[in-house]
Amino acid sequence: MTVSAKVQDTRDRLLEAAQEEFSEFGLAGARVDRIAERSGVNKQRIYAHFGNKEALFGAVLGRVYEHMGKEVPIPTTEEGLRNYVGEVFDYHRRSGDLVRLLAWEGLLYRDKPIPNEKEREEYYTYKTAALSVALGIDDPTAAARVLIALIGLASWVFIVPQQRRLMLGPDHDSEASWALLRANVTASGHTVIDLALRGMA
């Protein structure tokens with residue numbers, strides 16, 4: 001293995017271990033010692049690669065966003081947009097780390113600046129631009145409002161799973177229950193999209 005390959009392997013192992021740690025404990029509760037133990041990498045290498053725990057958290061979120069972007073590409077057509085809410089819903093059901101990480105981030109930072117804020121702004125600028133194309137509108141703020149609504153519909157039950165369990169009762173985790181919930185979320189997303197297409201975003 002070349003030096004660059006070893007460096008990348010170390011970085012990947014650290015990010016994977018940190019993703020598990022941050023998802024479980026959040027930024028405030030995560031321990032660098034546990035990340036080192038999970039990854040099998042010396043603790044000092046964490047600081048050498050990322051500088052500090054906040055920067056590592058930002059790198060982990062960037063990694064998770066990149067994974068989601070590959071799994072659920074941003075739609076640029078109305079048809080793609082109508083499928084998007086269900087696809088995001090399915091993604092969060094398969095892989096819950098993103099919603100957990102964002103929930104931890106929101107609890108800690110609230111509306112204060114976050115690690116890698118500039119990169120995140122650029123990511124959302126790209127998403128709203130794609131959404132504007134899909135909706136056929138030339139107003140990035142209106143597209144952003146639509147995006148917030150669609151993301152909220154697709155992710156809320158994964159951020160607060162206790163509400164889903166308490167509201168839907170004993171059968172909350174059956175495939176039939178999940179299918180009905182997905183259908184409701186998707187239909188609500190279509191209503192949001194229809195309103196935007198009528199200029200009511």
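# Pockets and helices: worked exercises

The second largest pocket has a volume of about 160 Å³. Keep in mind throughout that this is a predicted model. Let's work through it together.

## Exercise 1

Find which residues line the second largest pocket, which elements they come from, and how they divide by class.

**Solution.** 

Step 1. Start with the residues themselves: the lining consists of H92, G96, V99, R100, A103, V157, F158, I159, P161, R164 and W178.

Step 2. Next, look for elements that give two or more residues to this lining; they are helix 6, helix 8 and helix 9 (161-168).

Step 3. Finally, sort by class: the lining of the second largest pocket holds seven nonpolar, two polar and two charged residues.

## Exercise 2

Describe the largest pocket by its volume, its central residues and the helices around it.

**Solution.** 

Step 1. The space in the largest pocket comes to about 550 Å³. Its lining has 25 residues, and Y65, L102, R120, Y124 and I151 are the closest to the centre.

Step 2. Five helices each supply at least two lining residues: helix 4 (53-71), helix 5 (78-94), helix 6 (97-109), helix 7 (117-135) and helix 8 (140-159). Helix 6 gives the largest share, eight residues.

Step 3. By class, the lining of the largest pocket has 16 nonpolar residues, four polar and five charged.

## Exercise 3

Check whether the length of helix 5 agrees with expectation, then locate its kink and its buried residues.

**Solution.** 

Step 1. Helix 5 has 17 residues, and at 1.5 Å a residue these should span 24 Å. The expected span uses one less than the number of residues.

Step 2. Compare with the model: the end C-alpha atoms of helix 5 are 25 Å apart, which agrees.

Step 3. Now look along the axis, where helix 5 has a kink of about 35° centred on Y84.

Step 4. Y84 is also one of the buried residues of helix 5, together with L81, R82, V85, G86, V88, F89, Y91 and H92.

## Exercise 4

Examine the loop between helix 6 and helix 7, and report the phi and exposure of R110 and N116.

**Solution.** 

Step 1. Place the residues: R110 is in the loop between helix 6 and helix 7, and N116 lies in the loop between helix 6 and helix 7 as well.

Step 2. Read the backbone angles. R110 is not a glycine, yet its phi is positive, near 50°. N116, also not a glycine, has a positive phi of about 55°.

Step 3. Turn to accessibility. R110 has a relative accessible area of 69%, so it is exposed, since the cut-off for exposed is over 50%. N116 has 35% relative accessibility and therefore counts as partly exposed.

## Exercise 5

**Solution.** 

## Exercise 6

Compare sequence separation with spatial separation for the pairs E24 and L101, and M167 and N83.

**Solution.** 

Step 1. E24 sits in helix 1 (residues 3-29), and its relative accessible area of 48% makes it partly exposed. E24 and L101 are 77 residues apart in sequence, and their C-alpha atoms are 8.6 Å apart.

Step 2. M167 belongs to helix 9 and is exposed, with a relative accessible area of 67%. M167 and N83 are 84 residues apart in sequence, with 26 Å between their C-alpha atoms.

Step 3. For scale, the C-alpha atoms of the protein fill a box of roughly 55 × 45 × 35 Å along the principal axes.

## Exercise 7

State how many helices and strands the protein has, and what percentage of its residues is buried.

**Solution.** 

Step 1. The protein has 10 helices and zero strands.

Step 2. Of its 201 residues, 40% count as buried.

Note on methods. Residues are numbered from 1 along each chain as its sequence is written. This is a predicted model: local features need pLDDT of at least 70, side-chain atom pairs count only at pLDDT 80 or more; totals for chains, interfaces and linings use all residues. Side-chain values use heavy atoms; hydrogens and water are left out. On a 1 Å grid over the protein atoms alone, a cavity is a set of points where a 1.4 Å probe fits but cannot get out, and a pocket is an open set with protein on both sides within 12 Å along at least five of seven lines; lining residues have an atom within 4 Å of a point. Grid points are joined across faces, edges and corners, and a volume is the space filled by probe spheres set on the points. Helices (H or I, at least four residues) and strands (E, at least two) are DSSP runs, numbered from the N terminus. Ala, Val, Leu, Ile, Met, Phe, Trp, Tyr, Cys and Pro count as nonpolar, Asp, Glu, Lys and Arg as charged, and the others, Gly among them, as polar. The bend at a residue is the angle between axes fitted to the seven residues ending there and the seven starting there. Buried means under 20% relative accessible area, exposed over 50%, partly exposed in between (1.4 Å probe, protein chains only).
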